[in-house]
Amino acid sequence: MIVIENASEILTIPHGYNKPKKGNEMRDLGIIKNSNIWIDRGKIIKITKELPDKIEEKIDASGKIVMPAFVDPHTHLVFSGIRDFELSLKMQGKSYLEIQNAGGGIYYTVDKTRNASEEELYEESSKRLEYMVKHGTLGAEAKSGYGIDIENEIKMLKVIKRLSENYSIEISPTFLLHIIPKNREEKEYVEYISDNIEKIKDYAKNVDVFCDKGAFSKESTELFLKKAKEQGFKLKMHADELEYIGCSSLIKKFDFISMDHLLKTPDEIINEMSKKNTVAVLLPGTPFTLFQESFSDARKFIKNNVAVAIGTDLNPNCYTENMQEIISLSIYRMRMTVEEAIVASTYNAAFASGLQDKLGSIEVGKDANLIIMDAKSYTEIGYHFGVNLVTEIIKKGKVIS
Ligand SMILES: [Zn+2]
């Protein structure tokens, strides 16, 4: 038996039923004080004040908290070419679309990624994955989307597959319909991707679309999602980030596991979301790195009984692997409570990624995918910002860092 001993707080984030936590449920961390966690063959056996007779290994958590490892529900983990040079353009007040139209932005990353070999992409992305693990993330969703033809999208998805096999992170792979190639028409391109979507079935579990002004229209999105649904993919969507053009209203026609960004979502759609188990994945790093003043209205989503998760949106425009930073931003810029931000970065994030069976809570019978944090109480998380509070990372009962 492996024992994590004497934690000042264990945040179990209890389950109870198989759906994400909505509204006030997001404040329930299921705290157990001054207790031990017994682990056998990678699984949690007991949470108790007692110690077992036989102990193979003790992990001391005195004066610290133990909580589920973070899950990052929205990453563009695999790409080539960071865009550090764009920061000065952003500081001059250039918008996302202006930088893109000037030949920078996403097309720069598309070119670099298409020209990179699978090996080069693997090498570059694995460094990011190591940062994620160091900061306590053991589950993530990762998207393709910079390949913009089936062959190059598959190249990206193969890299995601190799990363999840070789590292300690559980990755939920997503095909992303991200951007219209420069020399192609939207309609023709969406039909080409939709007709070939079967070819990516071996590589991706989910599909996602960037539905917005300057990206894919609501009509194209609907056509693509219909085809993807027929092929059995789980559905996600980048919606209402730049403008509301009706994207999130597709919740009336489809069951999404998540809708992401949601900066301009109308009240009526928020109400529709509360009727389903679709997770609203809010990404405060994106407006933060775009020098924007307005963030997703997390308070409104939670008040209206929607399940909220938070994620990094790790990409060349918003370059962080650290979920603790996102918790701080969620508190300080979206006014989420620390309890809500913790549930949003673990339990609900696992649901948004389809990883809830493996991650997101500390429960008897579940894999011991945990982190120990150098904090006496969970109330220090987010409050103590800009530092890495993770001291131990435990994957299936084994300390990996
Ligand atoms: Zn994104």
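In this predicted model, Glu118, Glu119, Leu121, Tyr122, Ser125, Ser126 and Leu129 of helix H4 are in contact (heavy atoms within 4.5 Å) with Lys155, Met156, Lys158, Val159, Arg162, Leu163 and Asn166 of helix H5. The residues of this contact comprise six nonpolar, three polar and five charged, where Ala, Val, Leu, Ile, Met, Phe, Trp, Tyr, Cys and Pro count as nonpolar, Asp, Glu, Lys and Arg as charged, and the others, Gly among them, as polar. The axes of the two helices, which are lines fitted to C-alpha atoms over the stretch in contact, come within 10 Å and cross at roughly 50°. H4 is therefore oblique to H5, since angles under 35 degrees count as roughly parallel, over 145 as roughly antiparallel, 65 to 115 as roughly perpendicular and the rest as oblique.

Within H4, the residues Leu121, Tyr122, Ser125, Ser126, Arg128, Leu129, Met132 and Val133 are buried, that is, under 20% relative accessible area with a 1.4 Å probe and protein chains only. The buried residues of H4 pack against several elements, including strand S6 (70-75), helix H3 (105-115) and strand S15 (390-395). After H4 comes Gly136, which has a positive phi near 95°.

Helix H6 (residues 186-196) and helix H7 (residues 218-230) pack with their axes 9 Å apart and at an angle of about 10°, and they are therefore roughly parallel to each other.

Residues are numbered from 1 along each chain as its sequence is written. In this predicted model, local features need pLDDT of at least 70 and side-chain atom pairs count only at pLDDT 80 or more, whereas totals for chains, interfaces and linings use all residues, and side-chain values use heavy atoms, with hydrogens and water left out.

Key:
Buried means under 20% relative accessible area, exposed over 50%, partly exposed in between (1.4 Å probe, protein chains only). Helices (H or I, at least four residues) and strands (E, at least two) are DSSP runs, numbered from the N terminus. Axes are lines fitted to C-alpha atoms, for helices over the stretch in contact, and angles run from 0 to 180 degrees between N-to-C directions.
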